[in-house]
Amino acid sequence: MINTTASLAGRTVFRIGYGALQLERLHDRRGDAVALLRRAVELGVDHVDTAEFYGFGFANDVIREVLRPEDDVLVVTKVGADPNPGGRVPLRLAQRPEQLRASVEDNLRSLGVDRLGVVNLRRLDTGPGLRPEGDQVVDLDDQLAVMTALRDEGKIGAIGLSSVTLDGVRRALSAGIVCVQNAYSLVSRDDEDILRLCTAEGIAWVPFFPLGGAFPGLPKATEEPAVHAVAESLGVTPSQVGLAWLLHHAPNVLLIPGTADAAHLEANIAVGGIALDAAHLATLDGIESRSHDVPIG
């Protein structure tokens with residue numbers, strides 16, 4: 001069996017957390033959103049991934065209501081983009097140092113805390129999504145300077161990176177980063193070199209889009225015949241196989257699958273108990289990796 005815990009920001013956490021993005025689907029059913037997050041904590045989730053632009057503050061508001069100090073849940077948020085209600089894309093880039101500081105303050109207020117456990121700097125240098133333009137093209141060193149200053153001020157506990165290149169991770173090592181969030185899945189393994197560096201440095205690897213396919217035209221793990229074959233042999237779902245592969249692939253992988261459904265939440269948590277043997281892993285490792293590096297917007 002694989003280890004079910006790993007290190008994040010100097011503490012040991014259950015390797016399956018919860019991504020709060022999908023809470024916005026329950027915007028008109030706040031009680032259901034509160035119950036879902038409470039259920040996640042009951043199932044052992046002790047790290048939650050969020051952002052101020054998730055549901056235009058709704059996710060942070062639910063987290064603030066649900067989580068109590070005695071739950072001891074590590075909340076990981078991100079900066080580098082802000083909510084953009086009414087825009088073609090529901091977020092706008094906020095990469096400049098003064099915008100990063102303002103975003104930290106926004107998260108402190110919406111989460112109702114004096115200190116953010118972990119803050120990921122969303123760089124948008126790689127992977128599917130928007131790309132910085134104009135005054136939003138900011139040097140990483142300038143961003144890390146304000147992030148480390150905020151950490152020194154006690155407003156941030158630890159710093160992570162998101163949508164970053166191998167060079168970016170190397171440049172940020174001296175800042176003591178604790179995690180990297182990039183798009184990565186069984187079918188899109190562009191960043192294997194970054195994962196190896198993070199493993200060697202004891203940095204948590206937290207893939208978003210862990211099953212691929214978040215945007216049209218991108219590969220999906222759940223559409224692979226080999227994934228279906230392994231799932232059938234184990235009596236689990238293809239989605240569970242795709243997530244289990246990530247846990248088996250490297251010991252520093254943490255998952256943050258999101259859902260608005262309680263049954264799906266329980267299925268995600270159950271992935272920690274799925275054992276893939278050598279034959280399963282050989283079958284899955286043989287799946288072709290296709291690029292997900294598609295600019296959107």
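This is a predicted model: local features need pLDDT of at least 70, side-chain atom pairs count only at pLDDT 80 or more; totals for chains, interfaces and linings use all residues.
Local features need pLDDT of at least 70, side-chain atom pairs count only at pLDDT 80 or more, and totals for chains, interfaces and linings use all residues. Residues are numbered from 1 along each chain as its sequence is written, and side-chain values use heavy atoms, with hydrogens and water left out. Helices (H or I, at least four residues) and strands (E, at least two) are DSSP runs numbered from the N terminus.

**Pockets**

- A pocket is an open set of points on a 1 Å grid over the protein atoms alone, where a 1.4 Å probe fits and protein lies on both sides within 12 Å along at least five of seven lines; lining residues have an atom within 4 Å of a point.
- The largest pocket holds about 1,200 Å³ of space, a volume being the space filled by probe spheres set on the points, which are joined across faces, edges and corners.
- Its lining comprises 43 residues, and Leu21, Gln22, Phe208, Phe209 and Ala214 lie nearest the centre.
- Helix H8 (238–249) and H9 each supply at least two residues of this lining.
- By class, the lining of the largest pocket has 22 nonpolar, 15 polar and six charged residues; Ala, Val, Leu, Ile, Met, Phe, Trp, Tyr, Cys and Pro count as nonpolar, Asp, Glu, Lys and Arg as charged, and the others, Gly among them, as polar.
- The second largest pocket holds about 380 Å³ of space.
- It is lined by 16 residues, of which Leu67, Arg68, Val73, Val75 and Val113 are the closest to its centre.

**Helices H3 and H4**

- Helix H3 (residues 97–111) and helix H4 (residues 140–152) pack at an angle of about 35° with axes 9 Å apart; axes are lines fitted to C-alpha atoms over the stretch in contact, and angles run from 0 to 180 degrees between N-to-C directions.
- Pro97, Leu100, Arg101 and Val104 of H3 meet Asp142, Gln143, Val146, Ala149 and Leu150 of H4, where contact means heavy atoms within 4.5 Å.
- These contact residues divide into six nonpolar, one polar and two charged.

**Two single residues**

- Asn268 lies in helix H9 (residues 262–269) and is buried, with a relative accessible area of 5%.
- Buried means under 20% relative accessible area, exposed over 50%, and partly exposed in between (1.4 Å probe, protein chains only).
- Not counting residues up to four places away in sequence, Asn268 touches Ile16, Leu243, Pro257 and Thr259.
- Ala145, found in helix H4, counts as partly exposed at 44% relative accessibility.
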